[in-house]
Amino acid sequence: MQLFDEGLHSGVNLALKVDTVIYEEKTDLQDLVIFENKQFGRVMSLDGAVQTTEKDEFIYHEMFVHVPLLAHGEVSRVLVIGGGDGGAARQLMKHQNTSVTLVDIDRSVIELSRKYMPTVSGGAFDDPRLELVIADGCKFVKETELRWDVIIIDSTDPHGPGEVLYTAEFYGDCKSCLTAGGIIITQNGVPFVQESELRTSYDRLGGLFADVTFYLAAIPSYVGGVMAYGWATDDANHRKVALSKLAERYLESGIATDYYTPEVHQAAFALPLHIQKMLTKEI
Ligand code: SAM
């Protein structure tokens, strides 16, 4: 029996039975494997870390996208850095008045996700509202003159090409690309096994934005407990939207979801004490 053994966090391994290897390739940048697993369906890994699975990606991508867009209320342009599997793009395309620029460094991830895991992107890459750019996200935000209302940093973990997407310099350049009151959301790992990444992002974003926190969701294929999305904006009102208003926006948007609800949106920002302490303790 072949096992996929993810050793992303020292001392902790996630083993998934490999029923069938669908595809594997060392792209110019990353080691990509797509395999079939009875519980999770098709699984994509990059450099030995699970990126997304057919069965639980809806949780991760719905919370990544609908929380900032429904909190903001007037989003028309979204920048996605990373997100080559197309899952965030699929959720974004549900918002009728939204255009998306997706910047991923590795064309192979996009092509192979479309080919072998088509339900994740669900045709988003063919939507005329989506502009695809193959580039290093770090370089892109430094050079662009354009602006976006929400920036979603759907990156790999801070290793390999994804490492630059966790620096203060990158966050500062992202801020320069935001419209007034815009929101940045990061993929910030699993606090229980990635505490230092959580605190580092908190401190770096905190030096740039007035309102910085995290919200949580449990992604079954991300080992170690709930995962954290970094939230950063200068408009603290986005987090004070009444439940009734969120519900109204959700209804008006006409989007269909399987995880996101306005109640889940609000509850996701309630950080348990041990995570609050990670953010405030003396280091
Ligand atoms: N859900 C996953 C997670 O939580 O780790 C992330 C999914 S997505 C596949 C990660 C994407 O980040 C990949 O497609 C990878 O090519 C892209 N990426 C890594 N470094 C990048 C960079 N510097 N600029 C743009 N995209 C990058």
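User: Hey, which strand is joined to β11 by five bridges and runs antiparallel to β11?
Analyst: That's β13, residues 227-233. Strands here are DSSP runs of E with at least two residues, numbered from the N terminus, and two strands pair if DSSP finds at least two bridges between them. This is a predicted model, where local features need pLDDT of at least 70, side-chain atom pairs count only at pLDDT 80 or more, and totals for chains, interfaces and linings use all residues. Residues are numbered from 1 along each chain as its sequence is written, and side-chain values use heavy atoms, with hydrogens and water left out.

User: Nice. What is the bridge partner of I185 in β13?
Analyst: W231 is the partner of I185 there.

User: And which strand pairs with β11 in the parallel sense?
Analyst: Strand β10, residues 148-154, over five bridges. I151 stands opposite I184 in β11.

User: Switching topic: what's the strand order in the open sheet of four?
Analyst: The order is β3-β4-β5-β6, with antiparallel pairing. β3 (20-26) and β6 (49-53) are at the edges with a single partner strand each, so one side of each has no neighbour in the sheet.

User: How many bridges join β4 to β5?
Analyst: Six, between residues 31-37 of β4 and 41-46 of β5. One of the partner pairs is L32 with L46 in β5.
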